[in-house]
Amino acid sequence: MTTTPQTRPDKAAVKGADRTDVTPGGVGDSPSRPDGILKVTGEFSYSSDMWLDDMLWGYTLRSPHPFALIKSIDISEALATAGVFAVLTSEDVPGENFYGLEHADQPVLAKDIVRYQGEPIALVAADHPEIARRAAEKITVEFVVLAPVVDAEVAIGHKPWNPPAESVDAGVDGQVPHLHPNGNLVRHLKLRRGEQDATADVVITGEYEVGMQDQAFLGPESGLAVPDEEGGVDLYVATQWLHVDQRQVCAALGLPPEQVRLTLAGVGGAFGGREDLSMHVHGCMLALRTGKPIKMVYNRLESFFGHVHRHPAKLYYEYGAERSGKLVYARVRMYLDGGAYASSTPAVVGNAGTMGLGPYVIPHVTVDAYGTYSNNPPCGAMRGFGSVQTAFAYEAQMDKLAAELGLDPVAIRQMNALEEGAQVPTGQVIDSAAPVVELLERLKAMPLPSTESDQLDLRRMPGGVSNTTHGEGVKRGVGYAVAYKNVAFSEGFDDYSTARVRLEVSGGDPIVTVHTAAAEVGQGLVTIEQQICRTELGVDSVVVHPKDTSVGSGGSTSASRQTYMTGGAVRHVCGKVRDRVLVLAEASLGRTVSDLRLENGSVVSRSEGVLASIEQVLGDEVVEETDEWRHRPTHGLDPETGQGFAHVQFAFAAHRAVVDVDVELGLVKVVELACAQDVGKAMNPQAVVGQIQGGSAQGMGLALMEEIVIRDGKILNPSFTDYLIPTILDTPPMPIEVLEYADPNAPYGLRGVGEAPTISSGPAIMSAIRAATGLDLTRAPVRPEHITRT
C-alpha cells in the first residue's frame with residue numbers, strides 16, 4: 001500500500017506552530033512511547049496475561065433471552081461438579097445488587113427479571129476455565145419469556161406497541177411495558193432558541209438511521225481479583241476509570257474504599273467500552289467467597305454481551321434556508337436507544353442534542369433529543385459520544401440543501417460556518433478559534449488522487465482483491481464533511497484530575513516520578529505525562545508510576561479529556577514542585593526565584609546561565625506534591641430551553657473522502673480520506689497524526705461495514721467473523737493537515753484530538769458515495785443492497 005506523506009500547514013498560517021524552542025522529549029516533541037517496544041515485541045503484559053499459581057477461573061452464566069421473568073435457579077448440579085469451588089447468584093451479593101455510571105439501575109446479578117440477552121445471572125469459580133464453563137451450563141434457570149421492547153420510539157409511546165398476539169406480556173391496556181419503575185425514558189433534552197414558528201424559502205427534510213457500532217477493541221474484558229487476609233480485595237483490571245469502578249465495586253461488596261484497591265492492568269483498547277463494569281464485581285465476589293485469586297477472561301462471543309455499544313439512532317431533520325443558502329431554522333427529533341440500562345445515555349443525549357446541528361449558525365432552533373430504555377443490548381460510551389450519529393444527518397442535510405440550490409457543497413458549509421464569537425444553539429459563545437472555513441478550504445486545496453493509477457492496480461478497485469471488476473460499473477465520488485465535538489465533561493459536572501509528582505536524586509541523577517490514576521488505554525497518555533514533566537522540570541529521566549487508586553481520581557479516559565485534564569494536573573503540580581526547588585536554589589545560590597528556571601538538569605539564571613545542577617541543589621531532599629486540577633466550570637442546561645454554558649471546549653475537524661463505487665455490485669473502495677483538524681497545540685505531533693488516522697478509520701468503519709445486527713433483541717453477529725471492521729486493505733491513504741490555534745483557556749492551548757476525526761470521516765464517505773451514485777442514502781452503515789436497489 002502506498003503511503004501518503006503527512007503534511008503540516010505552513011507555519012505562517014498557523015498559530016503556535018513554532019517548534020524551535022522545544023525541550024527534547026518534552027511538549028511539542030515526539031518521543032518514543034515508554035511501552036512501545038514491549039507492545040511491538042509482544043512482551044507487554046495485558047490484563048488477560050495476568051497469572052497467579054493458586055488462582056481459580058471465573059465464568060458468568062448469561063441470559064439467552066432479551067426479556068424474561070426468572071422463576072427459579074437451581075445451582076445444585078453445578079456446585080457438585082468436581083473442580084468447582086463456588087457458584088453464586090444474586091442472593092450472594094454482599095452489598096447493593098445495583099450499580100451504574102450515572103444511575104444505579106443495573107443488577108450485579110439478575111434476580112427476578114432479565115432485560116437483555118447476555119445479562120449475568122450466576123457465577124462459577126473452578127480450577128480450570130473449561131470446568132467453570134461446563135459447570136455453568138449445568139445451572140438450570142426457569143424463565144417466563146416476554147415480548148421484548150426493541151424500538152426506541154415505541155418504548156416511549158411515540159409509535160404504537162404491537163407485540164405478538166401470543167405474548168405473555170402484552171403490556172397494560174395495550175401500552176408498552178415499563179422496563180424500569182420510572183418508565184422507559186432515560187432523558188429528554190429540549191433545545192429551544194429563536195422563533196419556534198420560523199419559516200423559510202427552501203425546506204429540506206430527511207429521516208436518517210445509524211446502526212449500533214461496537215468498540216471492537218482487541219483485548220477482551222479481563223482481570224484478576226486477589227483477596228487479602230483482612231476481608232479486602234485487590235483488583236487488577238483493564239478499565240477507563242479506576243475510581244468510578246472502585247465506587248461501584250465498593251457498593252456491591254459492602255466494603256469501604258480502603259479495602260477495595262484497584263490497579264490498572266494492561267489495556268488492549270477501549271474507545272468507551274470499558275467505562276462500565278464488566279467482570280469487576282463478579283471476580284471480587286468469587287475471590288472473597290473462595291479466599292483464592294480469581295481470573296476472568298471473556299472470549300469474543302462473551303465480550304459482545306459484556307460491554308456497552310454505540311447507541312443506534314433514528315433522526316428526523318427539517319432545515320429551512322434562504323435561497324442564498326443561509327440557514328434559517330432547524331427542527332429535529334432524535335431517538336437514541338440506550339438498551340436495557342442507563343449507562344451514560346443521559347450524557348450521550350446531552351451531546352447529541354447540543355451538537356446535533358453541526359458547526360453551523362442557525363438562528364431558530366427546535367431540538368428534541370430522547371434517550372430510551374429497551375430490551376436491546378445496553379449502549380453507552382463510544383468514541384464521538386452522541387455526536388457521531390447526528391453528524392450523518394446534519395451533513396446529509398447540508399448536501400441536500402446544496403443540491404437543491406445548485407450550490408457548491410463546500411461553499412454552503414462555509415457560508416453557514418461557526419466562527420470565534422458565534423453562538424452555538426445552547427447560546428454559548430465560542431470563545432476560542434473555530435476555523436471551520438479554513439479547514440474546508442485546506443481540504444479543497446489538496447490535490448485529488450489520480451484515477452489512472454487506480455485503474456492500473458485492480459487491487460484498489462471496489463472488491464479488487466476478489467477481482468470483481470476491471471473498472472466497468474465503477475464511478476468516483478468526492479464528498480466533504482465537517483464536525484465539532486465537546487472536550488471533557490460538560491453540563492456542570494465536577495471534572496478534575498489528580499496528579500502526584502516527586503523529584504529526587506537517585507544514582508547521582510535527578511529523577512521524576514509522576515503518579516496519576518488516569519488510565520492509559522493505548523492513546524499515549526503515559527508519554528504525554530513524561531513530556532510535560534520534562535518541559536516543566538527540565539529533567540530527562542521520568543518514571544510513570546503504575547496507575548492505581550492509591551492516588552486521587554484522574555477521571556475517565558474518555559471525552560478527549562486526559563491530555564487536557566490530567567495533562568493540566570501534571571503541569572500544575574510540576575509547577576508546585578518547581579517552585580519549591582527554586583526556593584531551595586535561592587537559599588543555596590543567593591539568587592532570587594524570579595531570575596531562576598530549571599532546564600536540562602540544571603538551575604539556570606536568566607542573566608548568568610547555568611548556576612548549579614539540580615542534584616547539587618536537592619542533595620538528599622525529596623520534593624513531592626499532590627493536587628487536583630479543574631477546568632473552568634460549566635453549567636447545567638435550562639430544562640425548558642436547553643440554554644447554558646454547557647461545554648468547556650470544542651474541537652473541530654473536517655474530512656474530504658474520495659471513493660470508487662461499483663454501482664452494479666454495491667461495493668465501495670475509499671480511495672483517499674483526507675483530514676484537516678485544529679488541535680490547539682500538537683503536544684506530540686506523531687501521536688496527533690496517529691489519533692487522527694485511527695479516528696478516521698473508525699468513522700469509516702461505521703459508514704461502510706460496522707454494525708451489530710439486532711433482531712428481536714438478539715445479536716445475530718457476535719464475532720469478528722461476522723462483525724466486520726476495516727483492515728489494512730480497506731484503509732486508504734490519509735493526507736492530514738494539523739492546525740494549531742491555541743485555546744487560551746486550556747493547558748498549553750491544546751484541544752482534545754481523538755474524537756473529532758471519528759465524527760466527520762463517516763459522513764464525508766457517505767457524501768462521496770451519494771455523489772458517485774446519485775442516491776439519497778440515509779442509513780449508516782451503507783450496504784451493497786442500498787446502492788444496487790432500484
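Visitor: Before we start, what is a nonpolar core?
Guide: A nonpolar core is a set of buried Ala, Val, Leu, Ile, Met, Phe, Trp, Tyr and Cys residues joined through side-chain atoms within 4.5 Å. Keep in mind that this model is predicted.

Visitor: Okay. How many residues does the largest one have here?
Guide: The largest nonpolar core has 88 residues. Those with the most contacts inside it are Tyr317, Tyr319, Leu357, Ile765 and Ile769.

Visitor: Which helix gives the largest share of this core?
Guide: Helix H9, residues 387-405, does. Ten residues of the core come from helix H9.

Visitor: And what lies apart from that core?
Guide: Another core, of 41 residues. Val570, Cys574, Val577 and Leu618 are among them.

Visitor: Why group nonpolar side chains at all?
Guide: In soluble globular proteins, nonpolar side chains tend to be buried together.

Visitor: Is Cys250 buried or exposed?
Guide: Cys250 is buried, at 8% relative accessible area. Cys675 is buried as well, at 1% relative accessibility. The cut-off for buried is under 20%.

Visitor: What area do they bury between them?
Guide: About 1100 Å². Of that, 57% is on carbon and sulfur atoms. On the side of domain 1, Gln240, His243 and Leu264 supply 44% of the area buried against domain 2. That is more than any other three residues supply.

Visitor: How many salt bridges cross that interface?
Guide: The rule finds zero between domain 1 and domain 2. The structure holds 43 salt bridges, though.

Visitor: Show me one. What does Glu137 pair with?
Guide: Glu137 meets Arg133, with N to O at 2.6 Å. Both lie in helix H3, residues 129-137. They are four residues apart, about one turn of the helix.

Visitor: Which parts of the chain does the pair of Asp494 and Arg630 tie together?
Guide: Asp494 forms a salt bridge with Arg630, and their closest N and O atoms are 2.7 Å apart. Asp494 lies in the loop between strand E18 (474-486) and strand E19 (496-506), while Arg630 lies in strand E25 (residues 623-630), so the pair ties together parts 136 residues apart in sequence. Asp494 is partly exposed, at 46%. Arg630 is partly exposed too, at 37%.

Visitor: What about Asp627 and Lys576?
Guide: Their side chains meet in a salt bridge, at 3.3 Å from N to O. This pair links distant parts of the chain, 51 residues apart. Asp627 is in strand E25, and Lys576 is in helix H14, residues 562-589.

Visitor: Last one. Which residues are linked in a network of salt bridges?
Guide: Arg33, Asp35, Lys39 and Glu520 are.

Note on methods: Residues numbered from 1 in each chain as written. Predicted model: local features only at pLDDT ≥ 70, side-chain atom pairs only at ≥ 80, totals over all residues. Heavy atoms only, no water. Buried < 20%, exposed > 50% of the residue type's maximum accessible area, 1.4 Å probe, protein only. Helix = DSSP H or I, 4+ residues; strand = E, 2+ residues; numbered from the N terminus. Buried area = accessible area lost by both parts, 1.4 Å probe. Salt bridge = Lys/Arg side-chain N within 4 Å of Asp/Glu carboxyl O.
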